[in-house]
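Here is a friendly briefing to read with the model open beside you.

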Amino acid sequence: MIKIENIQMDGDYYSLLLEYLSNKTGLNFEYYRRNFVERRLKARMIRVNCSTLHSYYYYVKGNILEIEKFLDSFNINYSCFFRNWEVFQQFENFFLKCLDYKKKDILTNLKPKSKKGSIKKSRDSLKNIENSENRSSYRKLMTIRSQNALEFSEKTSLYRKINGTSRSKGIVNIWSCPCASGEEPYSIAIILDNLKKQIPEFPQFKIIASDIDKDAINKAHIGLYNENVMQEISRFNEGNYFIIAENRFGNRYLINEDVKRYVEFIEEDITNGHKKTKKYDIIFCRYLLIYISREARNNFLDIIEKQLNPGGLLILGKTETLFNSYNTLKLIDSRNHIYLKIN
Ligand SMILES: C[S@@+](CC[C@H](N)C(=O)[O-])C[C@H]1O[C@@H](n2cnc3c(N)ncnc32)[C@H](O)[C@@H]1O
């Protein structure tokens, strides 16, 4: 078998191959980081025993099915319900703050069943910094942690939609981009449905969820999941929002129809723009920027920024950042990378 270090990424064939794949699939490869694309290519080349891009190029041309396999390896669909639970916690806090509800009044997004370990881990890492010589980094960390993003709630379009006059009140629009197989938009819907059941006059809301991957969108429509994507969900949400079927391979979870009706799925390549003309109050965009090349990033961010209402929130989550700002987007939560679009 070919070893990854022996694979040759011959330059001429790199462009030729991507041009060919782009024509066949419509995917804009130039939007992605080169090393990300190369890793995917190498993984496929190993599978089909090609040690040069030259040989892989001809292999792809002669095997139409390989295009689909390459695309499968290219789309990293991993997701799970309530991925990075704290991000969803903060999202819910914004809603409650805009509604002027105190958490103690109602049952909110409950801790996931498997969270104990990771909470202890983060406490330990805090302690390590505290004990270390590096007091200044500890102080910096504490300042960041104590920053209260919720102070900005009154500046959000969410607040205006909830508290405005009847004319400015309206449906709260949320976009999950990319949504993979639906775990993220359904998590959002679960949180809001749970609040809606407990809070009178809860605003209407609609979630648009988009992804480039047709299979992922089809899976999202069906809404049937394996146990491995259910680790960050609480027992309460699991029991209330899924029909659980046991078989010899473990449990399977089917999302409730009630939750499904809040979400509309669309298949689209975001690098070509968004199909909907509507503007959003909240956009979740997690685990996509990491794949996008530096040059294409701004183009992509312009699309996202354009789709946000003034006062809208962009939620990038734990792993991606725009640092302190990008054009009209200002950082308001540095733990969960939440940005507010300034009017
Ligand atoms: C790791 S998943 C992230 C899902 C979800 N946001 C989460 O945080 O769990 C990344 C998704 O990006 C999608 N994707 C990659 N390139 C895309 C593009 N150009 N347009 C839309 N979606 C894309 C992939 O198909 C994949 O489902």
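In strand β7, F284 is the residue that stands opposite S176. That pair belongs to the parallel strands β1 (residues 172–176) and β7 (residues 280–284), which three bridges join. Strands here are DSSP runs of E with at least two residues, helices are runs of H or I with at least four, and both are numbered from the N terminus. Two strands count as paired if DSSP finds at least two bridges between them.

**About the model**
- This is a predicted model, in which local features need pLDDT of at least 70 and side-chain atom pairs count only at pLDDT 80 or more, while totals for chains, interfaces and linings use all residues.
- Residue numbers start from 1 along each chain as its sequence is written.

**The whole chain**
- You will find 13 helices and 11 strands in the chain.
- Of its 343 residues, 33% count as buried, where buried means that 20 or more other C-beta atoms, placed from the backbone, lie within 10 Å of the residue's own.
- Among contacts with a separation of 6 or more, 77% are between residues 24 or more positions apart; a contact means C-beta atoms, placed from the backbone, within 7 Å.

**The sheet**
- Eight strands form an open sheet with mixed pairing, in the order β6-β2-β1-β7-β8-β11-β10-β9.
- At its edges, β6 (263–267) and β9 (325–326) each pair on one side only.
- Helix α13 (residues 294–307) packs on this sheet and touches β1, β7, β8 (308–315), β9, β10 (329–333) and β11 (338–341).
- The direction of α13 makes about 125° with that of β8, with angles running from 0 to 180 degrees between N-to-C directions and axes being lines fitted to C-alpha atoms, for helices over the stretch in contact.

**Around β11**
- Strand β11 runs antiparallel to β8, joined by three bridges, and pairs in the antiparallel sense with β10 over four bridges.
- L340 in β11 has L313 opposite it and also K330 opposite it.
- I338 and L340 point one way from β11, Y339 and K341 point the other way, and all are buried.
- Four residues lie between the strands in the hairpin of β10 and β11, where H337 takes a positive phi near 50°.

**A helix pair**
- Helices α5 (residues 85–99) and α9 (residues 183–198) have axes that come within 11 Å and cross at roughly 40°.
- From α5, F88, F91, E92 and F95 meet S187, I191 and L195 of α9.

Conventions:
Contact = placed C-beta atoms within 7 Å. Buried ≥ 20, exposed ≤ 12 C-beta atoms within 10 Å, placed from the backbone.
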